[in-house]
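Here's a quick tour for anyone meeting this structure for the first time. Have a look at the sequence and the model, then read on for the main points.

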Amino acid sequence: MIPKTEAIVLKSFDYRETSRIVTFFTKEHGKITAVMKGIRKDPRKFGSSVDKYSVNDLVYYHYRRSDLHLVSQCDLKQYFFRVRDDYQRNVTANYALELVNKIMPAEQVNKDVYDLLLQFLDRLQEEKDLERLVNLFQIKMLRYSGFSPHLDSCVRCRRPVQGKVRFSMAGGGLVCPDCPTTETSFTLISRGTVSTIIHFEKESWQDCLRLGLAAKVRAELKYILHNFLEYHLEQPVKSSKFLR
Ligand SMILES: [Zn+2]
């Protein structure tokens, strides 16, 4: 089988003397890892240098018995120059690429995640509010990968939540004041933050980018989303420490 697909570079590293191993998130086949033989010996062998922040048209040999496939053709389609050239945009993109790489299982097709990542990189070229863009990406990513937090009732007793609301990382959602907990991984969450998460989950990308966020909501989103993601991934997202 020789699949042909559009693909975003997630990461790459040098392999042996002349090759490179690249992890792509592809539109048609999900996350794949493939070797690009001879690319370092002859940089013009492929029509792309498969840098980060690029979208490519990819053709590869799909090996059934291996997780490592072989690229036969790769042509550059789009390159996010402004993301590459600006330090803060670049670390913000690295966070999103790492998140997609860690959350998505190999070879599981997810066009929502593909479109989200493409939209994110495109917007990142000019966005002024990088923090809000990251929060929006995290919330949509949780939703599209089936990890959405539970926000419409208490995760313990399933009754509607009122009063002093807490967010449980382990429970994956809100906990009402009546449910006792000895868990250390929960934090207070305001109504404003709960409604912002719901808004970001449901509304269109463009509508979400029009929503202004109060300082308190920003602080809560940052803490909760970061910790919630790491709790569920059971590992740190390394590039998050460079985010502002
Ligand atoms: Zn409860």
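Before we start, one term: two strands count as paired if DSSP finds at least two bridges between them. Also keep in mind that this is a predicted model.

- Where the two meet, 15 residues of domain 1 are in contact with 15 residues of domain 2.
- On the domain 1 side, the elements giving two or more residues to that contact are E1, strand E2 (19-26) and strand E3 (30-36).
- Sorted by class, that side of domain 1 has six nonpolar, three polar and six charged residues.

**Strands E1, E4 and E5**
- Strand E1 (residues 4-15) runs antiparallel to strand E4 (residues 54-61), and five bridges link the pair.
- E4 and E5 make a hairpin, with six residues between them.

**The E7-E6-E8 sheet**
- Three strands make up an open sheet in the order E7-E6-E8, with antiparallel pairing.
- The edges are strand E7 (173-175) and strand E8 (186-188), each of which pairs on one side only.
- On average, neighbouring strands in this sheet are turned by 35 degrees against each other, ignoring direction.
- Strand E6 (residues 166-168) pairs with E7 in the antiparallel sense over three bridges.
- Arg166 stands across from Val175 in E7.

**Helices H3 and H4**
- The axes of helix H3 (residues 111-124) and helix H4 (residues 130-144) come within 10 Å and cross at roughly 175 degrees.
- Angles over 145 degrees count as roughly antiparallel, so H3 is roughly antiparallel to H4.
- From H3, the residues in this contact are Asp112, Val113, Leu116, Phe120, Arg123 and Leu124, and they meet Leu133, Phe137, Lys140, Met141 and Tyr144 in H4.

Notes. Residues are numbered from 1 along each chain as its sequence is written. This is a predicted model: local features need pLDDT of at least 70, side-chain atom pairs count only at pLDDT 80 or more; totals for chains, interfaces and linings use all residues. Helices (H or I, at least four residues) and strands (E, at least two) are DSSP runs, numbered from the N terminus. Axes are lines fitted to C-alpha atoms, for helices over the stretch in contact, and angles run from 0 to 180 degrees between N-to-C directions. Two residues are in contact if their C-beta atoms, placed from the backbone, lie within 7 Å. Ala, Val, Leu, Ile, Met, Phe, Trp, Tyr, Cys and Pro count as nonpolar, Asp, Glu, Lys and Arg as charged, and the others, Gly among them, as polar. Angles under 35 degrees count as roughly parallel, over 145 as roughly antiparallel, 65 to 115 as roughly perpendicular and the rest as oblique.
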